[in-house]
Amino acid sequence: MLNLSPPMFKPRPRRRRQIQTRNGRTGSQTKRKGSTSQQDENPLESQINGYSGPNLPEDIWCYIHSLMSMRDAAKVACVSRAFVHSWRRHPDLHFSKETLGLDENACQKDGIADFDSRVDSILKKHSGIGLKAFRLDVHSVYDKDRCHLDRLDSLLEVVVKPGIEELDLILTVYGNYNFPCALLSGGTRGTLRYLSLASCQFHPTVRIGCLTSLTTLNLTFVHIEADELWCLLSSSPNLERFELRHCDSIVFLKIPCLQQLNYLEVVCSSNRLRAIESKAPNLSSVKFVGDLRIPLSLENTNRIKILDTHYYCSLAFYARADLPSTMPNLEALTIRSDGEVDTVPMVPSKFLYLKYLSIAIGGLTFDYLSLVSFLDAAPSLETFILEVIREFTKERITVLDNPSDLRVIPGHHHSRLKHVKIIKFVAAKTLAELTCQILKSATSLECLTLDTTNGHPGCSVSKTGKCVMMSKDALVKAHEGVLAAQTCIRPKVPSTVGFSLLEPCSRCHAVGI
């Protein structure tokens, strides 16, 4: 990153002969016509305003400034008049409370006026030439007042023009702003590559035409009807990534035959979604958060290699029983089941190509040792990450009560498993049994990490300088997990395996247990 702070700048040597006055100051032998006494009184400001940087072509300066954030580019423009021209052609404008330097009171009346005035000031100085990306976050600033909605209309009309490539809008918190679809027609539709809308109404029709350049579409908390979404998707033949989150007006999600679509993400916040049907033949990565019991019809599931799915119960059971046959070529699988009731079944089907497995699971009666079924089904597995969803409503049987009476499932060998990490490790007996089973059967294991914290970075590396807060109940569970790991797990770790035990920070979590 270039260091462009003012004290480091050195003005170009002047060719005019310098003379020294009686008070020690230096000045030119003859003053330029029109110079002011104020400039003479502040020579540093005169030097800064006159600095134009190394003798580089204008396009090079514009490119250098384009690599900076909007705030940094604006600061550089204050350093030199020569840099103002580059600022007026900055390709990325991002307006939010943070980027405009507003505090938490920006949602108040005076804060809204300040937000508007700063946006107006920037747009007046920006030429509009070269603008490629526009990001706007006003969900905590504007509300449902009509004047604010009109304000959004005029703002978008200024910036959304032919040549724009990325449009990322987080709009009013009430979601009652009707995004003007006419902005996507004309010359804009031929250059727009990325469209992300949040908290608004969006009603596209066939009149917007074909969005030939659109490759990424993200809709979050957007009110859009199923037929309107179908129209939009059908008008985006080169779409590669589609994300639909919390759009509860969609009951039956239909995705047309988009040849380029390779990533699909659907997040449901209610039970309104009844079915998903995708005709896209080349999906390779799918994320789904919701009820997997709904009809899910995907074209050519043999091509899907990455699956990330979350549900509140029995997801692990379903994943082990059904996924090997429906998605046999998975290479990475991430599942989260907050309330698993049944144990994972031992079935003969295999994940022959699975290399990465991440499971977050909880349930008062869940048997963690049954997860061996996943390991047994994945002969190519290299990385296994398990997150324990802690339960505080009922005490589990702990390994500390009887550390010698641990179950072992014979006949299991995992020749490629190298890295295992268990997050929120506790003293549950079935969890200790799973860990010991892995140590015994994973012949190529290189690293075992037992993390008794919440899995977040500690105070030594976090930006805030503090660990993420843990409740007293969680700290009790964590300290029990540390004791279980030290007494029941560590003695069984082979010398060839690197063992790490992460425990709560004594500085940030100094509480009496």
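A disulfide is counted here when a pair of cysteine sulfur atoms lies within 2.5 Å. The legends below describe a predicted model in which residues are numbered from 1 along each chain as its sequence is written, local features need pLDDT of at least 70, and side-chain atom pairs count only at pLDDT 80 or more. Totals for chains, interfaces and linings use all residues, and side-chain values use heavy atoms, with hydrogens and water left out.

**View 1. Overview of the protein and the confidence of the prediction.** Of its 513 residues, 44% are buried, where buried means under 20% relative accessible area, exposed over 50%, and partly exposed in between (1.4 Å probe, protein chains only). Contacts are heavy atoms within 4.5 Å; among those between residues at least 6 apart in sequence, 62% join residues at least 24 apart. The accessible surface comes to about 26400 Å², and carbon and sulfur atoms hold 52% of that area; accessible areas come from the Shrake-Rupley method with a 1.4 Å probe, and for residues only the protein chains shown count as cover. The mean pLDDT (the predictor's confidence in each residue, from 0 to 100) is 81, with 76% of the residues at 70 or more. Residues 1-51 have pLDDT below 50, and this stretch has 41 contacts in the model beyond near neighbours in sequence.

**View 2. The buried face of helix H9.** Helix H9 spans residues 315-326, and its buried residues are Leu315, Ala316, Ala319, Arg320, Leu323 and Pro324. Seen down the axis of H9, these residues fall within an arc of 135 degrees, so they line one face of the helix; the arc is taken from the directions from the helix axis to the C-beta atoms. They pack against strands E14 (306-311), E15 (332-337) and E16 (356-361), and against helix H10 (372-377).

**View 3. Helix H8 and Cys231.** In helix H8 (residues 226-234), the buried residues are Glu228, Leu229, Cys231, Leu232 and Leu233. Their cover includes strand E7 (216-223), E8 and E9. Cys231 has a relative accessible area of 13%. Its sulfur is 9.4 Å from the closest cysteine sulfur, that of Cys181, which is too far for a bond. The count of disulfides comes to 0.

View 4. Ser199 has a phi of about 60 degrees and is placed in strand E6 (residues 194-201). With 14% relative accessibility, Ser199 is buried. His246 has a phi of about 55 degrees and is placed in the loop between strand E8 (241-245) and strand E9 (252-255). With 23% relative accessibility, His246 is partly exposed.

**View 5. Surroundings of Glu446.** Glu446 is placed in the loop between helix H11 (429-441) and strand E19 (447-451). The residue is partly exposed, with a relative accessible area of 41%. Leaving out residues up to four places away in sequence, Glu446 touches Lys418, His419, Thr496, Val497 and Gly498. Glu446 and Val420 are 26 residues apart in sequence, and their C-alpha atoms are 8.5 Å apart in space. Cys447 is partly exposed, with a relative accessibility of 27%.

Methods. Helices (H or I, at least four residues) and strands (E, at least two) are DSSP runs, numbered from the N terminus.
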